[in-house]
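Here are a few exercises to work through with the model open beside you. Try each task before you read its solution.

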Amino acid sequence: MTLTNGSDQSTGTVASNELNVLNFPSLENVDEKIPRLFAPEAQTIVRDRWERLVTSIDIPATAEDVWRALTDPDKLKLWLAVCHGSLEQLHSDCVLDFEDGEFFLCRSIAVKPLSQLQYVWRWLGIGQATTVTWQLESTEQGTRVTVIEEALNPPWDWQTWNGGGWPGILDQLAAYLRTKMEWRWPWRRMGPYVQIELPAPVYPAWDRLFNPASLKYWLLVMQGHIIPEQSLTILMGDASGTVQMTVHEVIQPGQTPPSFLPSINFSLSRPAWNSSVGGRCWLEPAGWGRSLFQVFHYGWENLPAGLQFSERKILTRFWADAIQRAGLMFRPQEIPGGPHNWS
């Protein structure tokens with residue numbers, strides 16, 4: 001049988017050697033003549049959120065007394081935190097230590113005695129950096145103290161954590177200046193809280209962090225899976241031993257409105273505790289193309305009193321190391337190193 005115009009009668013297709021012969025000049029560069037609807041698509045290039053907390057109080061004390069309370073380590077430890085270093089020394093590391101495993105790493109960037117003290121700080125030395133500015137103004141009754149904290153893309157409930165500002169901290173400062181008594185919290189039943197900013201959007205970051213291979217690296221999972229009502233054995237360190245994580249709820253990315261953000265609710269337990277400590281980990285956006293990975297604990301009052309303080313410090317160190325290992329997974333290197341697990 002004779003083939004006509006390169007057509008194969010048995011298949012109804014055009015022979016390959018004839019394809020170049022077919023030509024429709026009117027359809028050349030057709031995407032330029034009539035672009036597809038929504039092409040090119042709109043793209044977000046920046047999504048930033050700048051926040052500022054401003055809190056003020058009038059204290060019946062001189063500016064000199066207030067300044068010493070803000071900068072003298074012997075006085076700071078009575079109302080805020082133990083100070084390792086000096087906040088009066090510019091551009092030098094200083095630690096405000098709450099002595100329960102958690103601390104702020106600070107660097108002063110402006111020191112004007114009796115009027116202004118400004119520093120940047122990071123929670124546990126690895127969290128997002130924020131700026132804290134103390135302003136002192138003499139009044140007829142004493143000193144007006146104003147503290148300003150500024151943050152870029154902080155956690156969404158950041159202001160709620162701070163009580164809508166710093167009122168509790170300023171009240172402690174005022175109470176110390178009036179009574180010279182110690183007003184620091186002896187310990188906190190909530191925490192530790194750890195966070196790290198990741199250079200990836202929420203959904204890809206979640207998938208990368210919580211696949212089984214990744215969990216063995218950054219969380220040191222020895223056995224088990226992140227499945228509701230399942231238990232995982234986690235190695236906290238050669239000296240610290242293991243901890244059992246019981247998963248209560250897993251909310252996957254895109255699962256639950258209105259935020260559609262992922263999270264895990266869990267509890268931790270160790271044989272000596274005879275109880276458990278609640279916990280939550282979650283991711284949220286931190287600007288366009290970035291996310292904030294966070295872990296938080298609560299319920300330490302459930303443990304025997306003799307274990308609360310020491311076990312909280314161990315767990316804080318574990319999570320600080322773990323979340324740093326999680327951050328290393330997003331660096332451009334094939335085999336990431338990480339903080340050791342010898343503690």
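**Exercise 1.** Is Glu-51 buried or exposed?

*Solution.* First, the ground rules: this is a predicted model, in which local features need pLDDT of at least 70, side-chain atom pairs count only at pLDDT 80 or more, and totals for chains, interfaces and linings use all residues. Residues are numbered from 1 along each chain as its sequence is written, and side-chain values use heavy atoms, with hydrogens and water left out.

Step 1: take the classes, where buried means under 20% relative accessible area, exposed over 50%, and partly exposed in between (1.4 Å probe, protein chains only). Step 2: Glu-51 has a relative accessible area of 12%, so Glu-51 is buried. Step 3: look at its partner, Arg-49, whose side chain meets that of Glu-51 in a salt bridge of 2.2 Å, N to O; a salt bridge here is a side-chain nitrogen of Lys or Arg within 4 Å of a carboxyl oxygen of Asp or Glu. Arg-49, at 24%, is partly exposed.

**Exercise 2.** Find which parts of the chain the salt bridge between Asp-58 and Arg-144 ties together.

*Solution.* Step 1: the two side chains meet at 2.8 Å, N to O. Step 2: Asp-58 lies in strand E3 (residues 50–59) and Arg-144 in strand E9 (residues 143–152), so the pair links parts 86 residues apart in sequence. Helices (H or I, at least four residues) and strands (E, at least two) are DSSP runs, numbered from the N terminus. Step 3: both ends count as partly exposed, Asp-58 at 45% and Arg-144 at 33%.

**Exercise 3.** Work out how Asp-321 and Arg-317 are placed in helix H8.

*Solution.* Step 1: these residues are four apart in H8, which means a separation of about one helical turn. Step 3: Asp-321 is buried at 11%, while Arg-317 is partly exposed at 36%.

**Exercise 4.** Describe the open sheet of seven strands and a helix packed on it.

*Solution.* Step 1: the strand order is E10-E16-E15-E14-E13-E12-E11, with antiparallel pairing; two strands pair if DSSP finds at least two bridges between them. Step 2: the edges are E10 (190–198) and E11 (221–223), each pairing on one side only. Step 3: helix H8 (residues 305–328) packs on the sheet, touching E10, E12, E13, E14 and E16, where contact means heavy atoms within 4.5 Å.

Terms used:
Axes fitted to C-alpha atoms, helices over the stretch in contact; angles between N-to-C directions.
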